[in-house]
Amino acid sequence: MEALLIDIQRGSLNDGPGIRTTFFLKGCPLRCSWCHNPESQKAAPQLSFHRERCTLCGRCREICPARVHRMEPDRASHQVDFEDCLKCGACAAVCPANAMKVIGRACTPEEAVEIAVKDREFYEQSGGGVTLSGGEPLTQPDFSAAFLSLCQDEMMHTCMETSGYAGKAAVEKVLPYVDLFYFDWKVSTEELAGEYLGVPLAPILENLKLLCRAGKEVVLRCPIIPGVNDREAHFRKILSLLEEFPGIQEAQLLPYHDFGTGKSRNIGRQPSVFPVPSREEKEEWEAWFSQSGAAGAKRVRLAG
């Protein structure tokens with residue numbers, strides 16, 4: 001059993017309590033317009049090209065079997081035909097500037113656990129553990145369940161970051177092996193879900209209900225995107241979820257950042273661009289919740 005990983009981050013401080021090792025799986029059914037890990041969406045290896053590092057040496061063009069690297073006669077620019085790329089990695093192997101790499105490497109649950117246990121001492125000292133992120137871990141429920149089960153066998157705390165979009169069977173498969181769910185709540189209407197996520201909202205809400213009724217520890221993660229969901233209606237829905245499910249530990253407001261725009265260009269995609277919220281806007285969001293008078297507002301905090 002294998003899964004494709006895009007990255008492993010050791011010493012992570014933002015993916016659950018304490019110091020953690022976060023494993024990012026490749027593949028996601030959502031197409032969030034503001035995705036900050038666009039390289040995680042496609043469930044297959046991809047070439048990533050960092051133009052700012054390229055020295056225009058031409059070695060990639062000479063070795064590429066598919067001839068996807070194009071340079072002007074004077075080598076003033078370097079273009080890549082991403083769709084025709086074989087993802088063989090030959091260009092990355094010869095690039096002296098590390099301007100290219102193939103994203104997506106296969107890993108078994110056992111191999112992943114061997115990496116995770118290396119930092120056991122940090123988990124024990126900080127109350128940390130292992131986080132499975134993505135992409136969307138629920139698109140690979142067999143791997144996710146096997147890996148997290150092995151982590152629990154090693155007495156390591158487990159967390160899963162999920163969009164919540166998956167079939168009920170996938171959620172139930174991983175349910176026993178996740179100590180804490182970081183559950184995304186991105187938009188609050190089907191119209192916005194169709195426009196900005198590319199999937200319906202109803203299954204996400206049903207899976208949130210499933211986790212809460214099962215008594216699982218849940219943190220609601222709410223990316224706030226100016227012009228999309230920085231609205232009173234969305235904020236009220238967040239409060240209503242906290243009221244309906246008192247077991248939700250807290251709702252974290254995650255201000256939009258544009259880190260994903262450069263990543264999109266690196267894999268040959270044109271990114272959507274949204275305004276980065278100012279400090280004043282963030283303060284206004286906090287003020288709205290604090291002034292709402294709702295009991296659930298005490299469980300809302302700005303993260304980042």
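Nine aromatic pairs are present in this predicted model. Two of them are set out below.

| Pair | Centre-to-centre distance | Angle between planes | Class |
|---|---|---|---|
| F23 and F147 | 5.0 Å | 65° | edge-to-face |
| W34 and Y196 | 6.0 Å | 35° | tilted |

F23 belongs to strand β2 and F147 to helix α5 (residues 141–153), so their pair ties together parts 124 residues apart in sequence. F23 is buried, with a relative accessible area of 1%, and F147 is buried at 0%.

W34 sits in the loop between β2 and β3 (46–49), while Y196 is in helix α7 (residues 190–197), so this pair ties together parts that are 162 residues apart in sequence. Both W34 and Y196 are buried. Ring pairs also link W34 and Y196 with Y256 and F274 in a cluster.

Strand β2, which carries F23, spans residues 20–25, and six of its six residues are buried. R20, T22 and F24 point one way from the strand, and T21, F23 and L25 point the other way.

Which strands pair with β2? Strand β1 (residues 3–12) pairs with β2 in the antiparallel sense over six bridges; L25 in β2 is the bridge partner of L5. Strand β8 (residues 129–133) runs parallel to β2 and is joined to it by five bridges, with T131 in β8 as the bridge partner of T22.

Elsewhere, helix α9 (residues 232–244) contains H234. Is H234 buried or exposed? Its relative accessibility is 5%, so H234 counts as buried. Leaving aside neighbours within four places in sequence, H234 is in contact with W185, K186, V187, S188, I224 and N229.

Technical notes. Residues numbered from 1 in each chain as written. Predicted model: local features only at pLDDT ≥ 70, side-chain atom pairs only at ≥ 80, totals over all residues. Heavy atoms only, no water. Buried < 20%, exposed > 50% of the residue type's maximum accessible area, 1.4 Å probe, protein only. Helix = DSSP H or I, 4+ residues; strand = E, 2+ residues; numbered from the N terminus. Pairing = 2+ DSSP bridges. Contact = heavy atoms within 4.5 Å. Phe/Tyr/Trp six-rings, centres within 6.5 Å; stacked < 30°, edge-to-face > 60°.
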